[in-house]
Amino acid sequence: MLVLSPVEVSEQIVQKVKDAGVVGAGGAGFPTHVKIAACPEPRRRAKVDTVIANGAECDPLLRCDQQLMAAYAPEIIEGLRLVMRASGAEKGVVALKREYTGAVGALRRATRQGENISLHLMESYYPAGDEFVLVYEVTGRLVPETGLPLDVDCIVQNVGTLFNIALAQKGIPVTHRFLTVTGAVNEPRTLNLPIGTPIGEAVAWAGGIKIPPWSARTEEDYAVVVGGPMMGWLAQGLSEAITKTTTGLIVLPRNNVVVRYLGRPLGSWVKRGRSTCDQCRDCTDLCPRYLLGHDLEPHKVMRSLNYGLTEPTAIITAAVLCCECRLCEAYACPLELSPMTYYKEIKRQLAAQGWKPVLSSVEVNVVHKRSDLTPHPMREYRRVPLERLVARLGLSEYQECTCPLDEQEYQPKRVAIPLKQHLGAPSQPVVKIGDRVQRGDLIARIPEGKIGANVHASISGRVEAVTDEHIVIVA
Ligand code: SF4
Ligand code: SF4
């Protein structure tokens, strides 16, 4: 029998993950085969000692990760074992909230006696699932400014990604996505849908928009948030497609604070900031990255940009330290202002000028690279309880819904599968109009020499269109 070396085993796992088109399912969509190969330098790969499964699911109203952990714990633990093997890590930790009792029990049962996999139970606060926060909570290590968990010998993988990694080892590619459809819908639920399903159909399968009988509202008075209310964005239309990274769809009345904030343009945020910021510094005092010791003080960027640039430029370029958790905007600021929006725009402009905060060359970023960090002494008292965040966002009426996991096979008649659902280059189509494809067939591949992800048919049918953005399949 052929016996493979640890390096060959690792390469085999990584290759299967690459073939299956697995990307970070928690939202960012970083290609997983790149992440679990840890680093091109073997020296760094050998240094990874801990893989953390991120099951914190801290964005309000989302349920899919906790339900996945309860229903598919053996697959998630197997995915964790595979990443440990691929990266050479000795220890695996599943980090999730204490209150996810069903998931906690299932994960404990799925873990073998004697293996080095444990659970780390967290309280319910936001943003418990931020990678840097998670690494600190689980290991006590502080990821350097503009660094990666890898810099402190850790890899963090969302539990949905681990599920897909386990399937990839059996040769099953990513074709479907578990996502929570909730808010103002008649039958909130978590569905497992083919990638490329229009969000309008997903909302219909959750019973459609729920309009109270006494209300004069129409469907036009509702908007759909793609993702969670903190990390998501407003859907441009009901034909927008579900992707590998869609964690949820939240239907909300247009006068809800989440919809108002997400829909407000940059110019309006700046006008408001100029006229009302009183430098109370609440945004800084609650910023999770500032509390970890990163040199990020959002009240100062407001001061600099609102009243003229008299501060050192590092206060502006500190934008690269912001993780865009929206806590400053949606919770901390008493005056409805958004330092995060300023930071996002600064980051956009820095990126346009070639500033790459992550994996950058030293010459580009010499300022925001501190690793001698000290967490703020009040950090543990400044965690934002999820319940209070939910109330602030006007979402309390939706928080308690049971939102069951519905595993029926929903089959849309038509899917528009995006070629870019991940960080990196868009995938290149390998099919043409008129081709017949089966569910799971490769339809677009990673361009040669680029970082990206393969894309597979999510339903069987005929290719109706191939554009720069989508491959459309009709059942
Ligand atoms: S919390 Fe709001 S008002 Fe206070 S400093 Fe920050 S942006 Fe200004
Ligand atoms: S979004 Fe606001 S609170 Fe969150 S990391 Fe950025 S500055 Fe800090």
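Is aspartate 153 buried, partly exposed or exposed? With 18 other C-beta atoms within 10 Å, aspartate 153 is partly exposed, on a scale where 20 or more such atoms make a residue buried, 12 or fewer make it exposed, and anything in between is partly exposed, the C-beta atoms being placed from the backbone. The model is predicted, so local features need pLDDT of at least 70 and side-chain atom pairs count only at pLDDT 80 or more, while totals for chains, interfaces and linings use all residues. Residues are numbered from 1 along each chain as its sequence is written, and chains are lettered from A and ligands numbered from 1 in the order in which they are written.

Aspartate 153 has a positive phi, near 65 degrees, without being a glycine. Its place is the loop between H7 and strand S5 (154-158); helices (H or I, at least four residues) and strands (E, at least two) are DSSP runs numbered from the N terminus. Arginine 326, also not a glycine, has a positive phi of about 70 degrees, and it counts as buried, with 25 C-beta neighbours inside 10 Å.

Turning to the ligands, ligand 2 is surrounded by 14 residues, the closest being Cys287, Cys322, Cys325, Cys328 and Met340; a residue is near when its C-beta atom, placed from the backbone, lies within 6 Å. Helices H13 (288-291), H16 (327-332) and H17 (339-352) each give two or more residues to this shell, and H17 gives the most, three. Around ligand 1 there are also 14 residues, with Cys277, Cys280, Cys283, His299 and Cys333 coming nearest.
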